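Work through the exercises below with the model open beside you. Try each task before reading its solution.

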Amino acid sequence: MVTRRGLLAAGAAGGAAVLVPAGSTAAGRALAGVASLDAADIPKYVAPLRIPPAMPAVATGPERDTYVIGVRQFRQQILPPSWPRTTVWGYGSTAHPGSFGSPAPSIVARVNHPVRVTWVNQLVDGRGDFLPHLLPVDPTLHWANPAGGNANRDQHGRRDGDPRGYRGPVPQVVHLHGAHSPQESDGHAEAWYLPVARDLPSDFAVCGSVYDEFRSRFAERSGLRWAPGSATFEYANDQAPGTLWYHDHTLGVTAQNVYAGPAGFYLLGGDDLPDGVLPGPGPAHDDPPDVRYRDIPLMIQDRSFTADGELLYPGERSWHGAGSTIVVNGRTWPSLTVQRRRYRFRLLNASNNRFLLLSVAAHATARPARPVLPIWQIGSDGGFLPEPVSHERVGLGPAQRVDAIVDFTDVPAGTELYLVNEGPDWAYRGGRPGVDFPPADPRTTGQVLRFVVTEATGPDPSVPPEQLRLPAHPGLPAAQRVRRLSLNERMSGSSGSMTMLLGTLDERGRPRPMRWSDPATEQPTLGATEVWELRNFTRLVHPIHLHQAQFEVLGRGHSGRVPPAPGERGRMDTVLAYPWEVTRIKARFDLPGRYAWHCHLLEHEDNEMMRPLDVLPGGGAATGDGSTARDPDTSGSASTDAG
């Protein structure tokens, strides 16, 4: 058992991130011949869980809160203390060098109180020269392509003979995932920008093809003009409270950029429930150093490492396999001391492509796992559910969130419990662990987090989850249009590789795959409510994410009429589309402009599984998009849509 003294010592050893000295790099670590670290050799539960603090603000006031947040390169203790630190990227307040981390501090916001963030690309070394990418980048993809200059940016690039691929400078743009944001603040994949560096090649494009347009739009709206190497976004927070997150979204290199570390929580709070009803507190501004959090965000990722502790990104042409370790809030297999009381956990699957199936078990390695405590889900991506849902196991696809309560009240002090994962170690095709697929390796990726239960130090005022009455939110209005869309896979005749594509259906119901560069077909009219039928013609489960809109899941199955699971009956922004099934969602589009919808398996997104979503100020949808003017099964109520 890990002692309190041991935990404190581990916390001291794994302190703040250390900036990388000038010229230092871990680039090329994932090249062939680099020795990988055997995940089974990494000791577990020797470091405490790191809980990201609140992001320091530049200013707070009645009009808005203001932040200046950079992305930098530094070294962080992700592996256990005494093991090597790892070079990563992460966000932090530019005025507080000690705030940088992976994951970053959480932006703590309030409903209907705007937040303005200036995002700064600071991926430069101490001399002001640009840093190369930490990981191999395939320049032949349809990607940001700064080396193509303004004429060929946001297009397919070319190899320059370096086996490590593109070497930098690194483009960045931040997407607040799940936010109701105007187009210029959405983090569009073609709105990226390079850092301000003294050695930028003169023929490189310094920003994406829509950056200048969005900079002008923001200036017209706010009177502020973006500085080079940055973008200022404003979030109105005019949506239900919930657990959002922010991460890089650069065209064609999102997978490598996110894998390198830049991501953080955006915790949007509101007044829907009185104080004390839910477990708390959570991270807040100006917290004292000894605060004990009981509302805890958990960012779960998988990562692989080289023998010297650097990130290892396996795979060819950006098709990345699952990582060999589980990392929670920036540490491999941490331990959390909990009291005999209720805790709220904001569960986020921030892996590139791993699906999670989580439960609380008494044994770390016994399979099938035998859950000993229920996970009470009270919310999903976009806020609270209609009522709490008890799960023995809760599933999370990449980018999905579950707002959950775990009640340790009746667990004896001194007990050790484990959050375990029975999702697959490779591509997810649906089904049950141990029946339809082998569960994750119980020695490594099948373990997530340890709980050490201690006596409570005071009363627990929170309401037992089975007695909670969650706030009701109105359903979306009746849909005016149904779009019939397709998820597709195609073999490349020249390379023999698989390409994943989105598209529409023709009049016979056959798929018409399309690429990011093809003309937009999803063009809802401003203010329209639509039903989208996602027909998956592939062998894999795909988490499909819509920008701008939190939607309702209406049904799934071969007909699309099987009611959604209880945990899907709140608002969602990322839905799992199962193989050879139809997934029906309903969304309202009330902000004009250019957005996107895509698979959130990041390697799929970067390899053409992303399409434009253009919300038009007037008129109808583009012709030939497989849509109909009205859903014949829609009469105006969400229950009718659900079939």
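**Exercise 1. In which order do the strands of the antiparallel four-stranded open sheet stand, and which strands are at its edges?**

Step 1. This is a predicted model. Trace the sheet from one side to the other: the order is β32-β30-β34-β35, with antiparallel pairing.
Step 2. Look for strands with a single partner. These are β32 (574-577) and β35, so one side of each has no neighbour in the sheet.
Step 3. Ignoring direction, neighbouring strands here are turned by 25° against each other on average.
Step 4. Zoom in on one pair. β34 (residues 593-599) and β35 run antiparallel and are joined by six bridges. Gly593 has Val615 in β35 as its bridge partner.

**Exercise 2. Is β35 enclosed or open, and which residues lie on each of its faces?**

Step 1. Apply the cut-off: buried means under 20% relative accessible area.
Step 2. Count along residues 610-615. Six of the six residues of β35 are buried, so the strand is largely enclosed by the rest of the structure.
Step 3. β35 is an edge strand with a single partner, yet its six residues are buried.

**Exercise 3. Describe the open sheet that contains β8 and β10.**

Step 1. Write down the order: β4-β11-β10-β8, with mixed pairing.
Step 2. Find the edges. β4 and β8 (174-177) each pair on one side only.
Step 3. Inspect one pair. Four bridges connect β8 and β10 in the antiparallel sense. Across this pair, His177 stands opposite Trp245 in β10.
Step 4. Follow the chain past β8. His188 sits in the loop between β8 and α3 (211-222). Its relative accessibility is 6%, so His188 counts as buried. His188 and Asp248 are 60 residues apart in sequence, and their C-alpha atoms are 10.0 Å apart.

**Exercise 4. What lines the second largest pocket?**

Step 1. Start with the volume, about 900 Å³.
Step 2. Take the lining. It has 40 residues, and those nearest the pocket centre are Gly269, Gly270, Asp295, Arg344 and Arg346.
Step 3. Assign elements. Those giving two or more residues to the lining include β4 (107-110), β10 (242-248) and β11 (263-269). β17 (342-349), β20 (375-380) and β21 (383-391) are also among them.
Step 4. Sort by class: 16 nonpolar, eleven polar and 13 charged residues.
Step 5. Link to Exercise 3. β4, β11 and β10 belong to that open sheet, and each gives two or more residues to this lining.

**Exercise 5. How many cavities of 30 Å³ or more are there, and which strand gives the largest share of the lining of the largest one?**

Step 1. The count is five.
Step 2. The largest cavity has a volume of about 80 Å³.
Step 3. Its lining includes Ile78, Ser102, Tyr259, Arg303 and Phe305. By class there are seven nonpolar, four polar and one charged residues.
Step 4. Strand β12 (residues 295-305) gives the largest share, three residues.
Step 5. Pro103 lies in the loop between β3 (86-93) and β4.

**Exercise 6. Where are Pro368, Ser82 and Asp286, and what marks their backbone?**

Step 1. Recall the background. Most residues other than glycine have a negative phi, and most peptide bonds are trans.
Step 2. Take Pro368. A cis bond joins Arg367 to Pro368, with omega about 0°. Pro368 lies in the loop between β18 (356-361) and β19 (371-373).
Step 3. Take Ser82, in the loop between β2 (65-76) and β3. Its phi is positive, near 80°. Ser82 is exposed, at 74% relative accessible area.
Step 4. Take Asp286, in the loop between β11 and β12. Phi of Asp286 is near 60°, again a positive value. Asp286 is exposed, with a relative accessible area of 80%.

Note on methods: Residues numbered from 1 in each chain as written. Predicted model: local features only at pLDDT ≥ 70, side-chain atom pairs only at ≥ 80, totals over all residues. Heavy atoms only, no water. 1 Å grid on protein atoms, 1.4 Å probe; cavity = no way out; pocket = protein on both sides within 12 Å on 5 of 7 lines; lining within 4 Å. Points joined across faces, edges and corners; volume = space filled by probe spheres on them. Nonpolar A, V, L, I, M, F, W, Y, C, P; charged D, E, K, R; others polar. Pairing = 2+ DSSP bridges. Buried < 20%, exposed > 50% of the residue type's maximum accessible area, 1.4 Å probe, protein only. Axes fitted to C-alpha atoms, helices over the stretch in contact; angles between N-to-C directions.
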